[in-house]
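Reader: Please take one part of this model and walk me through it closely. Keep it brisk, and give the cut-offs as you go.

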Amino acid sequence: MTLTASPGIPVSGTAEPAVDLDGVVKRYGAVTAVDGIDLRIRPGEVVALLGPNGAGKTTTVDMLLGLAQPTEGTVRVYGRKPHEAVALGLVSAVMQTGGLLKDYTVEETVKLTAVLFGKPQSAVGAALHRAGIADIGKRLVGKCSGGQQQRLRFAMALLPDPDLLILDEPTTGMDVGGRHDFWQAIRRDAGDGRTVIFATHYLEEADAYADRVVFVRRGRIVADGTASEVKALASGRTVRATLPGAVVSQLESITGVDTVEVRGDTVYLHGRDTDGIARHLLTSTPARDLEITSRNLEEAFLTLTADSVPGSAA
Amino acid sequence: MSTATVPRNLPRFGGFSTGMIKLELRRMVRNRRTVIFTVVMPPVFFLLFGTDAASRNEAVGAHGNVSGYILVSMAVYGAMLATTSGGAMVSIERAAGWSRQLRLTPLKPIAYVAVKLALAMIIGAVAVAVAFAVGSVTGAKLPVHAWIGCGLLAWVCALVFAAFGLFMGYLLPSENVMQLLGPVLAVLSFAGGLFVPVDKLGHTFATIAEFTPVYGVGEIARYPLTQDGNLWLAALNVIVWTALFSAGAMWRFRRDTARV
């Protein structure tokens, strides 16, 4: 089941896509981590890559950064091979864990990054400031909290002034306050028009910060749309009722009903105006035991990313 | 941002720079264990085992004494520890995911290895210099040309252990690789005649000793003082071991940096 809320690939093909994945497959031995992904991301988009653990998010990110090679298909970042784009500082990333040395100070770590990218020392202070860690520059990395270390990775990623910033599960292990601060910093930064891709399994993060959400499951894209479109697709509620001898076609004709499911004597009616549906059921049919449940982004996420999708299960 | 004003260039020399070496040195000095191992321990060993009256009074070569002989051996030991731990830094950095992070920069893997080698040789030079400075005021006697010659040779030949450290660093993905390599180096130093001259080990053992990696370095480094021993055999020893360790390091390095 694939929902496509038409992300709208630009008709005027003048602007080069920031990211262009074409038929990308990645296999590790017998394991297929990514199973044919086509994805184009325009400059300036903030995209959430959403999916359960093992869905292929990190593998996709690794291929975007040139840390892994696709088994099939091509990956292009601003029209270049990923490792070239990385070396030129066009793309940088905040990785999930690791990648820091305990016996460097925060400032030295960023300084080293500046040296490697050939950036002036003034860029160091600016990056520390933008990541909100200017006050802990002299602290040893080993003495920093998880959230501080993550903001340090963010400062390092900002240094080359990348056109595309990739965040792989950036807030894993952070407390609520740390997550809030981190996203504040990212949002400030994305306001300047930077392209941002973030992999996450926190729905609220995708909801709050992405203008496009790409659902990934078992190495494939199962839904792709702007955050509001996907939310609209996933919004609405379900009316459950006991209605022996229900006829699907009759139920479908009720105003406001989008989908109908009948299991024995129980019917499930999904739609926007559940109040209207309930009123109709209670006044015009012998339905009883009504129950109205909301179907939110979380439910959509579970439906779209569950390993056994109804209908596709053998 | 994506404005065309941001210049996008690759760094020169694949990212090998004095700026990086400076920062890496500062970090290395911060690690007390490295400093104690490489800079403090060898002179302390010299003071313990090389400064007794017998060593100071017994002559070696034209203008040297046994204390001087032991001092050169200790300088080799220090240089060896320094260059090995310099090379072995790689393993700590791989374990911490730092190597992966560096792959998100323009730094070329070969430039990274060059930085590690440069660092290893810098701390190796410091180790030799400190040992010689301590020795010069505590009874070691060497002719002037031997102070210079032995020091330079001890330092240059320690390159074989920089290669050894790199090899081990790529082979063992561990945070505390030096805790393993420290004892290994001590055993090799015994076997190679740094702590006890090989001819005191008995014939069979002395023959085996000639094939161990520390032997050649020690023989060469002491040569300006002793003017004795088979220099060609020692040189062959150093060359073969350097080639072996370098090949090992290259093999592991290629595996490590392959884009899979």
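Author: Take residues 20-222 of chain B: this stretch is 77% helix and 2% strand, and its end C-alpha atoms lie 34 Å apart. Helices here are DSSP runs of H or I with at least four residues, strands are runs of E with at least two, and both are numbered from the N terminus. UniProt, in an unreviewed entry, lists residues 20-222 of chain B as "domain: ABC-2 type transporter transmembrane". Its positions are given in the numbering used here, its feature names are shortened, and its annotations may be inferred rather than shown by experiment.

This is a predicted model: local features need pLDDT of at least 70, side-chain atom pairs count only at pLDDT 80 or more, and totals for chains, interfaces and linings use all residues. Residues are numbered from 1 along each chain as its sequence is written, chains are lettered from A and ligands numbered from 1 in the order in which they are written, and side-chain values use heavy atoms, without hydrogens or water.

Start inside chain B. Lys116(B) sits in helix H6 (residues 109-136). Its relative accessibility is 1%, so Lys116(B) counts as buried (under 20% relative accessible area; over 50% is exposed, in between is partly exposed; 1.4 Å probe, protein chains only). Which side chain makes a polar contact with the side chain of Lys116(B)? That of Glu24(B), at 2.4 Å. A polar contact is a pair of N or O atoms within 3.5 Å; within protein, one must be able to donate a hydrogen and the other to accept it, and residues adjacent in sequence count only if both atoms are side-chain atoms. Beyond four places in sequence, Lys116(B) is in contact with several residues, including Arg27(B), Met89(B), Glu93(B) and Leu166(B). Contact means heavy atoms within 4.5 Å.

Four salt bridges are counted between chain B and chain A (a side-chain nitrogen of Lys or Arg within 4 Å of a carboxyl oxygen of Asp or Glu). Arg30(B) and Glu108(A) form a salt bridge through their side chains, at 2.8 Å from N to O.
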